[in-house]
Amino acid sequence: MARHEGCRRMKVVGFCGYSGSGKTTLVEQLVARLRLAGHRVSVVKHAHHDFDIDQPGKDSHRHRAAGAYEVVIASNRRLAKIREYDVEADPNPHQLIAELSDADWVLVEGFKHADLLKIEIWRAETGQRVQYPHDPFVVAIATDSPEALPSPTQLPVLDLNDADAVTAFLLCQAARHDYRSPYDDADNEAAYVAPAADAQPARRPGAAARRHDGTG
């Protein structure tokens, strides 16, 4: 995937949590509020392996069915690119961010084990375990049940139902989220190894995001 030098100026924050926790709703609300604040916002979202934005019968779908590796569709209002992998692939969020045009903020939904600063979304009613006790990249928790958090924490606890407060938190912490791609110091993308799905986030110097240690 191509690198995008403009990514150096982006601010990136992830949103992790189990299905049904409210990630998409919160991200949708934050996009609208950040735009109202004058920021250009992009979103990177992890999807199920069989997702498709194309429709059978459309010209673009016919081109893909014929074997095209990439199909780019554009009008005077929008552009879409659809890529078919030759073999099964699992791009990490840094590779996907590199595909974006320049933006002020990139909100990354999913990719719970990514080495990006993240806000964890948690609802007690889901009965799911929490990630923040063992993930140094979680910098805050957004929940509708702060009293029910299963592990004590000194991290900021945000009201999941108050998108204005979450937006204010991000803007106040904006400098922490300045993004630097791990590929900037690599000769090629193969030099960067993303954390395994079941591994702890790397705590190496120069990581794409600073871990939560009270700095920045």
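## Cysteines, cores and a buried lysine

This predicted model contains zero disulfides.

| Residue | Relative accessible area | Class |
|---|---|---|
| Cys 16 | 1% | buried |
| Cys 172 | 65% | exposed |
| Lys 118 | 1% | buried |

Now for the nonpolar interior. In soluble globular proteins, nonpolar side chains tend to be buried together. Here the largest nonpolar core has 20 residues, and Phe 15, Leu 26, Trp 105, Leu 107 and Ile 119 have the most contacts inside it. Two or more residues of this core come from each of strand E1 (11-16), helix H1 (23-36), strand E5 (105-109), strand E6 (118-122), strand E7 (138-143) and helix H4 (163-172). Another core lies apart from it, with 12 residues that include Val 12, Val 44, Ala 103 and Phe 111.

Lys 118 belongs to strand E6, and a polar atom of its side chain lies 2.7 Å from the backbone oxygen of Ala 114.

Finally, the aromatic rings. The model has zero aromatic pairs, but the ring of Tyr 18 has the charged end of Lys 112 sitting over it, 3.6 Å from the ring centre.

How values were computed:
Residues numbered from 1 in each chain as written. Predicted model: local features only at pLDDT ≥ 70, side-chain atom pairs only at ≥ 80, totals over all residues. Heavy atoms only, no water. Disulfide = S-S within 2.5 Å. Buried < 20%, exposed > 50% of the residue type's maximum accessible area, 1.4 Å probe, protein only. Phe/Tyr/Trp six-rings, centres within 6.5 Å; stacked < 30°, edge-to-face > 60°. Lys NZ or Arg CZ within 6 Å of the ring centre and 35° of its normal. Core = buried A, V, L, I, M, F, W, Y, C linked by side-chain atoms within 4.5 Å. Helix = DSSP H or I, 4+ residues; strand = E, 2+ residues; numbered from the N terminus. Polar contact = N/O pair within 3.5 Å; in protein donor to acceptor, adjacent residues only side chain to side chain.
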